[in-house]
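Have the model open as you read.

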Amino acid sequence: MVISIKTKLGALVVGAVLLTSCLALVAIRTSTEFRYITIFAMIATLLITQFVAQSLTAPLDEMNTVAGSISRGDFSRRVRGADRRDELGDLALTINRMADDLEAVERHRKELVANVSHELRTPIAALRAVLENVVDGVSEADPETMRTALKQTERLGRLVETLLDLSRLDNGVVKLRTRRFEVWPYLSGVLREANLAASQRGLTTSSGLHNRTDVHLHLDVSPPELTAHADAERLHQVMANLIDNAVKHSPPHGRVTVRARRGPFPDSLEVEVEDEGPGIPEAERHKVFERFNRGAVRAQQGPGSDGGTGLGLAIARWAVDLHGGHIGVAESSRGCRIRLTLPGSLPARD
């Protein structure tokens with residue numbers, strides 16, 4: 001049963017009036033002097049008021065202390081009494097939830113700084129080693145050495161570009177420019193770019209570098225005249241990330257299949273990217289779209305993979321969310337299957 005503070009205060013006033021009235025009747029019937037009754041009524045009323053006030057102000061004092069700790073960056077403290085069934089209980093629960101959210105944000109911020117530092121340190125250290133060897137005369141500045149340095153520079157550039165994309169998404173400055181297009185030629189172009197990037201060492205996909213030419217990419221669109229209404233550039237970014245990730249985790253001479261079908265709703269689109277790799281453990285599926293997450297199968301990636309940055313699937317999820325769609329890991333008897341659904345016609349965002 002929920003008893004609000006207003007009810008408690010109303011009961012306090014009614015109780016005080018009834019107590020005073022009862023004492024007045026007792027005084028009349030017993031011929032007791034009213035001054036004694038008045039003094040006794042005042043003392044009793046003050047005691048009752050003090051008891052009720054203490055039960056109301058003590059939680060507020062604790063909330064004020066906890067809020068002060070949160071403002072100073074200490075997110076470990078929580079307010080007691082969140083199980084109270086009144087307004088103070090609701091307020092305590094809200095403060096505790098706020099503390100949980102702020103603690104999670106702070107933890108993610110620290111993880112982001114640590115992960116970005118780690119990602120930047122590796123290519124910078126490799127690039128520095130190459131340049132130091134050239135400067136010290138240990139190795140010549142031949143084309144192969146310069147290609148090694150260029151590869152690390154490109155890796156840095158990809159990481160910075162990806163972080164900028166995430167920053168734009170976080171700040172809500174990414175605009176959708178939706179249009180209608182045919183799915184078959186569109187996805188064919190994405191797959192051709194992926195094959196071209198794999199066959200030429202100097203070219204990359206939008207999500208990372210891989211030079212695997214042993215993986216076969218297969219496109220399956222039904223019906224062939226299927227159309228979609230979306231931001232083609234953002235969808236290209238999603239598909240390039242998914243294909244690149246699938247290729248990296250494919251076994252030697254594996255197969256990556258891209259399927260496109262009509263979605264469950266009118267004018268919607270459903271796309272799947274399926275590989276024949278080790279798959280994603282069920283316990284890890286809810287985390288694969290988190291930033292800097294590389295899952296539990298890193299050692300089983302295919303040859304030619306650089307390990308990635310763990311940002312590709314995070315970018316894919318955010319781009320799909322911008323469309324109001326959904327992306328997730330679907331059940332598959334073999335390998336990994338990522339399924340995304342776009343809702344269809346949406347007004348372009350300004």
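## How α6 and α7 cross

Helices α6 and α7 cross in a left-handed way, meaning the near helix is turned anticlockwise from the far one by less than a right angle. This is a predicted model, where local features need pLDDT of at least 70, side-chain atom pairs count only at pLDDT 80 or more, and totals for chains, interfaces and linings use all residues. Residues are numbered from 1 along each chain as its sequence is written, and side-chain values use heavy atoms, with hydrogens and water left out.

The axes of α6 (residues 232–248) and α7 (residues 312–322) come within 9 Å and cross at roughly 150 degrees; axes are lines fitted to C-alpha atoms over the stretch in contact, with angles from 0 to 180 degrees between N-to-C directions. The two helices are therefore roughly antiparallel (over 145 degrees). On the α6 side, the contact (heavy atoms within 4.5 Å) uses R234, Q237, V238, N241, L242 and N245. From α7 come G312, L313, I315, A316, A319 and V320.

## The nonpolar cores

The largest nonpolar core has 40 residues. Such a core is a set of buried Ala, Val, Leu, Ile, Met, Phe, Trp, Tyr and Cys residues joined through side-chain atoms within 4.5 Å, with buried meaning under 20% relative accessible area (1.4 Å probe, protein chains only). L187, M239, L242, V258 and L340 have the most contacts inside this core. Helix α6 gives the most to it, with eight residues.

Skipping neighbours within four places in sequence, L187 touches L219, V221, M239, V258 and A260. A second, separate core of 12 residues includes L56, V79, L88 and I95.

Note on methods
Helices (H or I, at least four residues) and strands (E, at least two) are DSSP runs, numbered from the N terminus. Angles under 35 degrees count as roughly parallel, over 145 as roughly antiparallel, 65 to 115 as roughly perpendicular and the rest as oblique. Buried means under 20% relative accessible area, exposed over 50%, partly exposed in between (1.4 Å probe, protein chains only).
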